[in-house]
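Work through the exercises below with the sequence and the model side by side. Try each task before reading its solution.

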Amino acid sequence: MFSLLSNISMLLDNQPLDRLKQPNVITGIVLLVVGIIFAIFAKRITKLVRKKANVEPNDRLLLILKAFALVVILASLIIMIVQ
């Protein structure tokens, strides 16, 4: 319990700009942008691969791309939190 409180106090002691300059935060932000881009363009990528005008919402490739985007976003959040 004490280590959790000390980690929280370390996060609160840092200045916001100092926190944004840390390598893990920069890496997390880059991964977050990649994950969001994959989530936004998943349908378009699926249309290009399938060569169809319409894509079913339960298309396997679409679901895989969206799941990959979700995992990348989750990983980016974990990387940003860990110091």
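**Exercise 1.** Find how helix H3 and helix H4 pack, and state what the angle makes of H3 relative to H4.

*Solution.* Begin with helix H3 (residues 23–50) and helix H4 (residues 60–81), which pack at an angle of about 175° with their axes 7 Å apart. Here axes are lines fitted to C-alpha atoms, for helices over the stretch in contact, and angles run from 0 to 180 degrees between N-to-C directions. Helices (H or I, at least four residues) and strands (E, at least two) are DSSP runs, numbered from the N terminus. Next, compare the angle with the classes: under 35 degrees is roughly parallel, over 145 roughly antiparallel, 65 to 115 roughly perpendicular, and the rest oblique. The angle therefore makes H3 roughly antiparallel to H4. Finally, sort the residues of this contact, which divide into 19 nonpolar, six polar and three charged; Ala, Val, Leu, Ile, Met, Phe, Trp, Tyr, Cys and Pro count as nonpolar, Asp, Glu, Lys and Arg as charged, and the others, Gly among them, as polar.

A note on the source: this is a predicted model, in which local features need pLDDT of at least 70 and side-chain atom pairs count only at pLDDT 80 or more, whereas totals for chains, interfaces and linings use all residues. Residues are numbered from 1 along each chain as its sequence is written, and side-chain values use heavy atoms, with hydrogens and water left out.

**Exercise 2.** Describe the protein as a whole: how many helices and strands does it have, and what share of its residues is buried?

*Solution.* Counting the elements gives four helices and zero strands, and reading along the sequence gives the pattern α-α-α-α. Of the 83 residues in the protein, 19% are buried, where buried means under 20% relative accessible area, exposed over 50%, and partly exposed in between (1.4 Å probe, protein chains only). Turning to contacts (heavy atoms within 4.5 Å), 58% of those between residues at least 6 apart in sequence join residues at least 24 apart.

**Exercise 3.** Characterise the aromatic pair, and say which parts it ties together.

*Solution.* Rings of Phe, Tyr and Trp (its six-membered ring) pair if their centres lie within 6.5 Å, and planes under 30 degrees apart count as stacked, over 60 as edge-to-face and the rest as tilted. By this rule the count is one aromatic pair. Phenylalanine 38 and phenylalanine 68 form it, edge-to-face, with 5.0 Å centre to centre and 75° between the planes. Because phenylalanine 38 lies in helix H3 and phenylalanine 68 in helix H4, the pair ties together parts that are 30 residues apart in sequence. As for accessibility, phenylalanine 38 is partly exposed at 27%, and phenylalanine 68 is also partly exposed, at 40%.

**Exercise 4.** Is serine 76 buried or exposed, and which residues does it touch?

*Solution.* First place serine 76, which lies in helix H4. Its relative accessible area is 0%, so serine 76 is buried. Leaving out residues up to four places away in sequence, serine 76 touches Gly28, Leu31 and Leu32.

**Exercise 5.** Examine lysine 43 and lysine 51 in turn, giving the place of each.

*Solution.* Lysine 43 is in helix H3 and, at 45% relative accessibility, counts as partly exposed. Not counting residues up to four places away in sequence, lysine 43 touches Val55 and Leu62. Lysine 51 lies in the loop between H3 and H4, where its phi is near 55°, a positive value in a residue other than glycine. With a relative accessible area of 74%, lysine 51 is exposed.
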